[in-house]
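Here is a set of exercises to work through with the viewer open. Try each task yourself before reading the solution.

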Amino acid sequence: MKNKHVKLKKHLGQHFLKDRNIVKKIVDAVGINTTDTIVEIGPGGGALTEEILKRQPQTLICIEIDPEMVEFLQEKFQNHPDLTIFNEDATKFDFSKVGNRLKIVGNLPYNVSTAIIRNLLNHIDNVHSAVFMTQKEVAQRLLSTGGKDYGYLPALLQNFFKIEKLFNVPPGAFTPPPKVQSTVFKMEPLPFRMKKQELEKFENFLKKAFSKRRKKLRNNLGKAPSPELEEIFEKRAEQIPPAEMVSLFRKLQKMASE
């Protein structure tokens with residue numbers, strides 16, 4: 001195979017999984033059936049890809065930004081007509097064009113993991129579940145409901161997804177070994193939805209609420225518009241759980257429109 005040795009690209013955050021047991025554990029967590037459409041983000045050297053294909057899903061879609069890797073994967077898996085590879089950016093990818101009830105999996109590149117996860121929200125109605133591996137710190141933030149790890153992204157995403165930690169992965173499971181631990185977690189859509197316009201406003205509200213982390217809401221959002229909200233405006237954003245953030249946002253929107 002002429003592309004047997006593919007050079008890793010540091011600027012793409014590439015760390016390839018080499019531990020077969022971890023590979024199997026991740027693919028087990030996806031729960032693959034023969035009627036499933038699986039989407040793998042950032043297949044890299046194809047370790048997860050190979051294990052997914054062994055489980056015989058109906059279709060496997062791979063999204064890989066690196067053209068050299070795409071060429072390598074096309075050659076490595078040329079005998080798999082059930083595999084389609086898109087040379088695209090997963091932070092902007094339109095998941096709705098590849099099907100519904102998608103089971104998504106990926107060892108996400110460290111430098112764009114949160115942007116990829118945020119893009120998933122834009123296509124939530126096409127998602128059955130997602131199993132991702134990221135830096136442990138990123139996973140901790142996404143799972144947090146308060147305190148220093150809690151920020152605008154978990155306050156946003158936890159309203160729309162159930163996010164559950166599965167297990168940690170040591171640096172030695174990768175080539176090259178990263179300097180940090182990794183964590184595998186699962187995301188499953190919840191029934192809660194917002195229309196696009198409201199979602200944009202809610203996201204901007206959260207960014208403003210968390211803009212100066214040590215400041216209270218009254219500093220970041222301005223004076224409470226009514227006495228009933230004065231108590232919550234004395235809190236910092238990191239003290240307010242995701243569902244309460246939605247409730248506060250909607251109260252403020254209603255008051256602004258009256």
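Predicted model: local features only at pLDDT ≥ 70, side-chain atom pairs only at ≥ 80, totals over all residues.

Residues are numbered from 1 along each chain as its sequence is written, and side-chain values use heavy atoms, with hydrogens and water left out.

**Exercise 1. The whole chain**

Task: Count the helices and strands of the protein chain, then compare its radius of gyration with the globule rule.

Solution: 
- Start with the secondary structure, where helices (H or I, at least four residues) and strands (E, at least two) are DSSP runs numbered from the N terminus. The protein chain has 10 helices and 9 strands.
- Next, take the radius of gyration over C-alpha atoms; the globule rule is 2.2 Å times the number of residues to the power 0.38. The radius is 20 Å, close to the 18 Å that the rule gives for 258 residues, so the protein chain is as compact as a globular protein of that length.
- For the outline, the C-alpha atoms fill a box of roughly 70 × 35 × 30 Å along the principal axes.
- Now look at burial: buried means under 20% relative accessible area, exposed over 50%, and partly exposed in between (1.4 Å probe, protein chains only). Buried residues make up 49% of the 258 residues.
- Finally, consider contacts, meaning heavy atoms within 4.5 Å. Among contacts between residues at least 6 apart in sequence, 67% join residues at least 24 apart.

**Exercise 2. The sheet**

Solution: 
- Two strands pair if DSSP finds at least two bridges between them.
- Axes here are lines fitted to C-alpha atoms, for helices over the stretch in contact, and angles run from 0 to 180 degrees between N-to-C directions.
- For a parallel pair, take β5 and β6, which are joined by 6 bridges; G106 has F132 of β6 as its bridge partner.

**Exercise 3. Strand β9**

Task: Is β9 mostly covered or uncovered, and in which sense do β6 and β7 pair with β9?

Solution: 
- β9 is mostly covered, with 6 of its 8 residues buried.
- Strand β6 (residues 127-135) pairs with β9 in the antiparallel sense over 6 bridges. One of the bridge partners in β9 is T183, which faces T134.
- Strand β7 (residues 161-169) is also antiparallel to β9, over 8 bridges. Here F167 has V184 of β9 as its bridge partner.

**Exercise 4. Two helices**

Task: At what angle do α7 and α10 pack, and which classes of residue make up their contact?

Solution: 
- Helix α7 (residues 196-209) and helix α10 (residues 242-257) pack at about 110 degrees, with their axes 11 Å apart.
- Angles under 35 degrees count as roughly parallel, over 145 as roughly antiparallel, 65 to 115 as roughly perpendicular and the rest as oblique. α7 and α10 are therefore roughly perpendicular to each other.
- Residues in the contact include F202, F205 and L206 of α7 and L248, F249 and L252 of α10.
- By class, the contact has 9 nonpolar, 1 polar and 3 charged residues. Ala, Val, Leu, Ile, Met, Phe, Trp, Tyr, Cys and Pro count as nonpolar, Asp, Glu, Lys and Arg as charged, and the others, Gly among them, as polar.

**Exercise 5. Backbone exceptions**

Task: Where is the cis peptide bond, and what is the phi of Q56 and of R101?

Solution: 
- Recall that most residues other than glycine have a negative phi, and most peptide bonds are trans.
- A cis peptide bond joins T175 and P176, with omega about -15 degrees. P176 sits in the loop between β8 (174-175) and β9 (182-189).
- Q56, not a glycine, has a positive phi of about 55 degrees. Q56 lies in the loop between α2 (47-54) and β3 (59-63) and counts as exposed at 56% relative accessibility.
- R101, also not a glycine, has a positive phi of about 50 degrees. R101 lies in the loop between β4 (83-86) and β5 (102-107) and counts as exposed at 58% relative accessibility.
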